[in-house]
Amino acid sequence: MINTLYNLTAKGLLKALSFILATALFAIILLNSTAFALTFGGKTPYLVMLIFYGMAILWIHGVGFEIRSTIWKAIFLPIVGYLIVIPSLCILLMK
């Protein structure tokens with residue numbers, strides 16, 4: 001099942017989307033770090049770690065790194081990265 005979910009996102013356009021989303025989130029964090037810290041680092045600093053985890057997933061997927069082990073595919077599943085990064089980008093862009 002993990003291999004099937006991972007292979008759903010193994011297409012070139014989705015890898016490009018992963019790279020673009022990870023780059024956009026990195027740029028927003030770098031250029032507007034105060035808003036990022038105030039939004040996500042307040043009472044629940046674990047959200048920051050979760051967002052960095054999602055960004056790492058999308059960086060790995062976006063640069064084209066192929067994971068062979070099923071355990072690592074489950075840990076770095078791109079769908080999870082999308083579910084983390086897209087809402088956080090929306091929240092940061094609304095501020």
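This is a predicted model: local features need pLDDT of at least 70, side-chain atom pairs count only at pLDDT 80 or more; totals for chains, interfaces and linings use all residues.
**Entry 1: lysine 15**

Lysine 15 has a relative accessible area of 15%, so I noted it as buried, the cut-off being under 20%.

Next I wanted to know what lysine 15 pairs with. Its partner is glutamate 66: the two form a salt bridge, and their closest N and O atoms are 2.5 Å apart. A reminder to myself: side chains of opposite charge can pair when their charged atoms come close.

**Entry 2: the other end of the pair**

Is glutamate 66 buried, exposed or partly exposed? I found a relative accessibility of 46% for glutamate 66, which puts it in the partly exposed group.

I then searched the whole structure for salt bridges, and one turned up. Lysine 15 belongs to helix H2 (residues 12-31), while glutamate 66 sits in the loop between helix H4 (46-62) and helix H5 (70-75), so the pair ties together parts that are 51 residues apart in sequence.

**Entry 3: the fold as a whole**

How many helices and strands does the protein have? I counted six helices and zero strands. Walking along the sequence, I wrote the pattern down as α-α-α-α-α-α.

For the dimensions, I looked at the C-alpha atoms: along the principal axes they fill a box of roughly 40 × 25 × 15 Å. The radius of gyration is 14 Å, which agrees with the value near 12 Å that a compact globule of 95 residues would have.

I looked up how much of the protein is tucked away: 34% of its 95 residues count as buried.

**Entry 4: valine 80**

My last stop was valine 80, which lies in helix H6 (residues 78-94). With a relative accessibility of 31%, valine 80 counts as partly exposed.

Which residues does valine 80 contact, leaving aside its neighbours within four places in sequence? I found Tyr53 and Ile57. I also compared valine 80 with leucine 5: they are 75 residues apart in sequence, and their C-alpha atoms are 10 Å apart in space.

Technical notes. Residues are numbered from 1 along each chain as its sequence is written. Side-chain values use heavy atoms; hydrogens and water are left out. A salt bridge is a side-chain nitrogen of Lys or Arg within 4 Å of a carboxyl oxygen of Asp or Glu. Helices (H or I, at least four residues) and strands (E, at least two) are DSSP runs, numbered from the N terminus. Buried means under 20% relative accessible area, exposed over 50%, partly exposed in between (1.4 Å probe, protein chains only). The radius of gyration is taken over C-alpha atoms; the globule rule is 2.2 Å times the number of residues to the power 0.38. Contact means heavy atoms within 4.5 Å.
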